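This briefing is for a reader who is meeting the structure for the first time. Please look through the sequence and the model before going on to the points below.

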Amino acid sequence: TAIMQSTARKNALPLDKMCLVVEVTKKTKEEMTQPPKEGAYVHGLFMEGARWDINVNSIADSFLKDLHPQMPVMFIKAVTQDKADQRCLYECPVYKTRERGPTYIWTFNLKTRDKPSKWVLAGVALLLQI
């Protein structure tokens, strides 16, 4: 919400027309040297039910015995709803813990090469802590 508010104020845009866009980078926390001009870098999230494939920049099936792979650094920025690309996206819920329901925070739209229903059935979510 803070990212949307600051971007809306800076560019004199209506807050109710803003949405968040999530871009998963190929970098780790240590490779980030300076903050972005707009938006924020987020790190330390874990994926449950799948993994992030850096090579194809998309959600992929998880590896055996790797239940909660760590996500690369994610760049979150606010754009107007008409500029947001809605193709080939999975609406991935973000939770504070593995307990679903009351720990829900937000939904990140992540790129996928498969149908989003595959990830819904797999129960794919991002977690702040495991």
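What volume does the second largest pocket have? The second largest pocket has a volume of about 190 Å³, where a pocket is an open set of points on a 1 Å grid over the protein atoms alone at which a 1.4 Å probe fits, with protein on both sides within 12 Å along at least five of seven lines, and a volume is the space filled by probe spheres set on the points, which are joined across faces, edges and corners. This is a predicted model, in which local features need pLDDT of at least 70 and side-chain atom pairs count only at pLDDT 80 or more, while totals for chains, interfaces and linings use all residues. Residues are numbered from 1 along each chain as its sequence is written, and side-chain values use heavy atoms, with hydrogens and water left out.

**Pockets**

- The lining of the second largest pocket (residues with an atom within 4 Å of a point) includes Thr 1, Leu 20, Trp 106 and Leu 128.
- β8 gives the most to this lining, with three residues; helices (H or I, at least four residues) and strands (E, at least two) are DSSP runs, numbered from the N terminus.
- The largest pocket holds about 400 Å³ of space, and among its 20 lining residues Leu 20, Val 21, Val 22, Leu 89 and Asn 109 lie nearest its centre.

- Apart from neighbours within four places in sequence, Ala 8 is in contact (heavy atoms within 4.5 Å) with Leu 13, Leu 15 and Met 18.
- The C-alpha atoms of Ala 8 and Thr 80 are separated by 8.9 Å, although these residues are 72 residues apart along the chain.

**Salt bridges**

- The whole structure has six salt bridges, each being a side-chain nitrogen of Lys or Arg within 4 Å of a carboxyl oxygen of Asp or Glu.
- Lys 10 forms one of them with Glu 38, with the closest N and O atoms 3.5 Å apart; Lys 10 counts as exposed at 55% relative accessibility, whereas Glu 38 is partly exposed at 29%.
- Lys 118 pairs with Asp 61 in a salt bridge whose closest N and O atoms are 3.1 Å apart; Lys 118 lies in helix α2 and Asp 61 in the loop between β5 and β6, so the pair ties together parts that are 57 residues apart in sequence.

Note on methods:
Buried < 20%, exposed > 50% of the residue type's maximum accessible area, 1.4 Å probe, protein only.
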